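The entries below keep to the order in which I looked things up.

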Amino acid sequence: MNEQGKLCPKCGQDIGIWTIIKALWPTMLSCPHCKAAIRYDNSGWGLITVGIIFCLPILSILAANIDFFAMSFVALLFTASIISLLIWLPMELFMVFYLRRNQKLILKTK
Ligand SMILES: [Zn+2]
């Protein structure tokens with residue numbers, strides 16, 4: 001089992017799931033134990049690809065079934081935020097588990 005995606009390269013402790021979720025991007029992490037600036041090696045494009053593959057089928061199903069033009073602006077805004085939350089949440093969790101399992105944490109160098 002790969003432990004390099006879970007343990008801080010500086011202090012060796014598990015950075016946890018929440019640290020990755022609350023970071024804006026997997027290259028902008030900091031260890032909750034020793035506060036070291038860390039990032040996932042090599043994650044940017046892989047994640048974008050995963051995101052697009054994950055989102056496309058959902059978006060096309062939605063686009064085919066919802067008549068966006070028939071909705072009021074508030075209803076449209078409400079629907080859009082619910083949909084993005086529904087898409088974002090499983091994707092974020094999927095990304096977190098993917099990163100922890102397959103990627104390697106490294107210390108950020110300036
Ligand atoms: Zn640490």
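**Sheet and hairpin**

I began with the pairing of S2 and S3, which run antiparallel and are joined by three bridges. The model is a predicted one, and I read every entry here with that in mind. Within this pairing I looked up Arg39, and found that it stands opposite Ile106 in S3.

I then turned to the other pairing of S2, whose residues are 37–40, and noted that S1 and S2 pair in the antiparallel sense over two bridges. Going through the facing residues, I found Leu29 opposite Ile38 in S2, and Ser30 opposite Ala37 in S2.

Putting the pairings together, I wrote down an open sheet of three strands in the order S1-S2-S3, with antiparallel pairing. I asked myself why one side of S1 and one side of S3 are left without a neighbour in the sheet. Strand S1 (29–30) and strand S3 (105–107) stand at the edges and each has a single partner strand, so one side of each has no neighbour there. As a reminder to myself, strands of a sheet pair through backbone hydrogen bonds, either parallel or antiparallel.

**The turn**

Next I looked at the connection, where S1 and S2 form a hairpin with six residues between them. Lys35 lies in this loop between S1 and S2, and I noted its positive phi of about 65 degrees, although Lys35 is not a glycine. I marked the value because most residues other than glycine have a negative phi. Is Lys35 buried or exposed? I found 11 C-beta neighbours inside 10 Å, so Lys35 counts as exposed, the cut-off for that class being 12 or fewer.

**Leu29**

My last entry concerns Leu29, which is found in strand S1. I counted 22 other C-beta atoms within 10 Å, and Leu29 is therefore buried, since the class begins at 20 or more. Which residues does Leu29 touch, leaving aside those up to four places away in sequence? I listed Ile15, Thr19, Ile20, Ala23, Ile38 and Arg39.

Notes
Residues are numbered from 1 along each chain as its sequence is written. This is a predicted model: local features need pLDDT of at least 70, side-chain atom pairs count only at pLDDT 80 or more; totals for chains, interfaces and linings use all residues. Two strands pair if DSSP finds at least two bridges between them. Helices (H or I, at least four residues) and strands (E, at least two) are DSSP runs, numbered from the N terminus. Two residues are in contact if their C-beta atoms, placed from the backbone, lie within 7 Å.
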